[in-house]
Amino acid sequence: MKGWDLTLDLRAPSPTPLFVRIARALEEDIRRGRLPPGAPLPGSRTLAESLGVHRNTVIAAYRELETQGWITTSAARATFVSPSLPEVPARSSAGVPRPAMPSQVGFSLPSAPLRRERPMPPPGTLVLAGGVPDVRLLPASALARAYRRALKLHGKRLLDYGDTSGHPRLRAALAEMLSSLRGLAVRADDLIITRGSQGALDLVARTLLRTGDTVAVEAIGYRPAWHALQLSGAHLVPIPVDGEGLRVDALEALSRRTPVRAVYLTPHHHYPTTVTLSPARRLALLAWARTHRVALIEDDYDHEFHYEGRPVLPLASADREGLVLYVGTLSKVLAPALRLGFLAAPRPFLERALGVREAVDRQGDSALEAAVAELLEEGEVQRHVRKMRGVYHERRDALVRALERELSGALTVSPPAGGMALWAPCAPDVDAEAWVRAGQEVGVAFLPGGAFSFDGRPIPAVRLGFAALKESELAEAVHRMARALSLLRAQIASS
């Protein structure tokens, strides 16, 4: 990496010549991997200046290392770590080189959710990733212009510490969006901008929950949210979901056994089945929460993308008692990497949440927030949403047609009223887990139903995202799914 001084540990018995100490320090850094084979070393003049020694001392150290085979010098007099290191035994006693970063910790660790491995699929793989927008269609030029303009006009203020709640202009623009489209009576001061919806969920969990609190969650649902809740010490209890959404009668039964602190749910487009919580259950849920003084954590992650009829307004729009903590995101509208989410909640909760955030995250990206605020104020985001709603609607229909054409006997397909993915139950003779593994072999990636079950048990269904792929890509992806299923059935028949 150019431009940084190379620091060396020159601690050694004082009688040791300085050039030897420099040579040994470099040798030990090469041994432990800090300076890998082929890495460039500073010129003798540069290293001498950074160490505060005479240049001849560094030249003598380099000569010592080159004689031993640790470094090489090119014709242009540039110095590099030798690509082929000498095989010499490690020094003993005080001369033992410091080890590389330890592979184990020397103390006990509490349990934590296992990190989901996300290996990059091989080139050419068509990924039917649920809930992922097509970032190729992001108005990147408009965003870049807004970002440059924000830094040019307000760079000093935006690059300094800012409002822990988030940029005021973005909060004001989001408050207008939530009021107009989602029926929430919110103002800018009722919002905190977070790093994606996951940041909002983490903030809610840290603010609301204590060790041992019972939190009800959908038995088929969003595992990262469960992990955020569990990290705060909550005890999660899965609640069944059916064709009308979360089973409120099961919640009532749970509350008769134990106090419930909160419920986490995705009522608009249930994740992952896309079912909408029915009107009767919405009323029953709010009434139950009011009676038992239970917080409702509403994750409305893709509200804008609804294709059949009018989108159902959030629970938060009907909340009059301050029960709902409303979480949303711009990741689906714009791009996941922007990490822009938000939390709308009663002011007393937000005040406590801001104290938590100051201790954990301090603030978001003020410059990015200002740029996105400008795009909202100018209507650029609104135009993009309208465009993408039409594009994703067409892609949903294209995926349904392809599935009905090639996999009608293997899957039961119903076009979802909204969202960016569909949930398709498998035929009795189809092993969803094995099918997904077979798909990877032919260049298509999708998820089995078991990936969303609370207890990890297999569910005979698959979730297929349609937003991120063009219609031709969706057709090819389904063709590969059909091929994978044929190969899987042939393997079973031959075994």
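I shall speak about a helix, the nonpolar cores and an aromatic pair.

This is a predicted model, in which local features need pLDDT of at least 70, side-chain atom pairs count only at pLDDT 80 or more, and totals for chains, interfaces and linings use all residues. Residues are numbered from 1 along each chain as its sequence is written, and side-chain values use heavy atoms, with hydrogens and water left out.

I begin with helix 7, residues 223–230; helices are DSSP runs of H or I with at least four residues, strands are runs of E with at least two, and both are numbered from the N terminus. Seven of its eight residues are buried, so helix 7 is largely enclosed by the rest of the structure. Buried means under 20% relative accessible area, exposed over 50%, and partly exposed in between, with a 1.4 Å probe and protein chains only. Trp226 and His227 are among the buried residues.

Next, the cores. A nonpolar core is a set of buried Ala, Val, Leu, Ile, Met, Phe, Trp, Tyr and Cys residues joined through side-chain atoms within 4.5 Å. The largest has 53 residues, and Val263 is among those with the most contacts inside it. A second, separate core of 42 residues includes Phe446.

Finally, the search of the whole structure finds eight aromatic pairs. Rings of Phe, Tyr and Trp (its six-membered ring) pair if their centres lie within 6.5 Å; planes under 30 degrees apart are stacked, over 60 edge-to-face, and the rest tilted. Tyr271 and Phe452 form an edge-to-face pair, at 5.7 Å centre to centre and 70 degrees between the planes. These two residues are 181 residues apart.
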